[in-house]
Amino acid sequence: MRTRTRLLAVLALWAASCWAQPHPASAAVGSAPVAWTRDDAMDGGNDEPGSFMVRVVRKGEAVRGLPIAARQISPRYDWQGRSWTLDDFMRAYNVSGVLVLKDGQIILERYGSGRSPTDRWVSQSVAKSVTSLLAGAAINDGKLRLEDNVVQFVPELKGSAYDGVTVRQLLMMSSGVKWDEAYLSGTSDLAKYYQAAAKGDPIADFMKTLPRVHPPGSTFHYNTAEAHLAGIVVARAAGMPLADYLSEKIWKPYGMERDAAWHVDNQGRELAGCCLLMTLADYARLGQFALDDGVAGGKRVLPAGWMAESTQRQIDNGRPAPAGYGYFWWIGPEAYEASGIYGQSILVYPKDRLVIAVNSAWPAPDDKALFAALGAFQKAVRDAARALDKQKLSAR
């Protein structure tokens, strides 16, 4: 609890900016931000502040069904010297939901922590991968190029260390700008970013002051603020708020089941590196959309080959090849993942046609042991899905 309390103390500074009335100019185009509270019927999440500003991501009239497969899985696996079941995993790691799609059909769906299928859960950094999808949509629309300079869209950063950084380098977390992401420190760059957000504009007031320590494109530095910056780039390229663009490009045409909500800062800009609230089934649909190569309603939303490129190892992030980092996606030997602190994940195995969505409320944001536990469970799910395939073959 002590680590959670320390992190919430830092986030409280950011929450102050979310409570503030957004700058009027932010609502000039598209939907206006609205205030939500923990008691709002549309809200769901894990340890969110009591009140915050969001922009709603509107769904369309049609909902993409997720049929239940004739055969279901119930993973059992050995890890750390003991046998585990699905229930064991969910209880031990405060898991609020697990949903697994195989060939677009549900082979496992389970809820915990008092959650229901209609409740939303905060994405944390899973939203970064959603921002990557929207960058692809803007490229497909001819409104953005990977070679574009960030300052073309964010002139507030002209003359700073970000001048000369491309959109591609931003999506790779390789701007070369100094950054400390430490979640539990009140003096990290991440904390200072949210402190600046509580007072004004963190882009102009804080990010512009950061020094460059590496040549752009050369070195991986995980940086949530740069994902927020990427969201500003995409929104300005698209000419509309990021939540509206998400609604237009994915939420409506792909048939998401419920409206989502995206936290905004006191400028009314979506926090593109985190904080997208959605149902568990819509987490899974996002994974399926990626698996479907960015096609929705029979129309291409993402450029052909975008998913293959963005989920390839684009830069070394300290993990042995072929693992690494893509365009706001974590890359494994056979899978790619949208991952967020406290145990949020969309893991996609393309060859297996498998999507594993997990939502949790871990006691710490990024403890390696917690990620290892999640990885052991994900492997067990994949093994169970492969066993299901073998059963189908033998039954023919």
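**Helix packing and the largest pocket**

Helix 11 gives the largest share of the lining of the largest pocket, five residues. The model is predicted, with local features needing pLDDT of at least 70 and side-chain atom pairs counting only at pLDDT 80 or more, while totals for chains, interfaces and linings use all residues. Residues are numbered from 1 along each chain as its sequence is written, and side-chain values use heavy atoms, leaving out hydrogens and water.

User: Why is helix 3 called roughly parallel to helix 7?
Analyst: Helix 3 (residues 126-140) and helix 7 (residues 224-238) pack at an angle of about 30°, their axes 10 Å apart. Angles under 35 degrees count as roughly parallel, so helix 3 is roughly parallel to helix 7. The crossing of helix 3 and helix 7 is left-handed.

User: Which residues make the contact of helix 3 with helix 7?
Analyst: Helix 3 contributes K128, T131, L134, A135 and A138, and helix 7 contributes T224, A227, A230, G231 and V234; contact means heavy atoms within 4.5 Å. By class, six residues are nonpolar, three polar and one charged.

User: What volume does the largest pocket have, and which residues are the closest to its centre?
Analyst: The largest pocket holds about 410 Å³ of space. Its lining has 17 residues, and R319, G332, E337, L347 and Q378 are the closest to its centre.

User: Which elements each supply at least two residues of this lining?
Analyst: Strand 13 (330-331), strand 14 (336-340), strand 15 (344-349) and helix 11 (368-395) do. By class, the lining has nine nonpolar, four polar and four charged residues.

Methods: Axes are lines fitted to C-alpha atoms, for helices over the stretch in contact, and angles run from 0 to 180 degrees between N-to-C directions. Helices (H or I, at least four residues) and strands (E, at least two) are DSSP runs, numbered from the N terminus. Angles under 35 degrees count as roughly parallel, over 145 as roughly antiparallel, 65 to 115 as roughly perpendicular and the rest as oblique. A crossing is left-handed if the near helix is turned anticlockwise from the far one by less than a right angle, and right-handed if clockwise. Ala, Val, Leu, Ile, Met, Phe, Trp, Tyr, Cys and Pro count as nonpolar, Asp, Glu, Lys and Arg as charged, and the others, Gly among them, as polar. On a 1 Å grid over the protein atoms alone, a cavity is a set of points where a 1.4 Å probe fits but cannot get out, and a pocket is an open set with protein on both sides within 12 Å along at least five of seven lines; lining residues have an atom within 4 Å of a point. Grid points are joined across faces, edges and corners, and a volume is the space filled by probe spheres set on the points.
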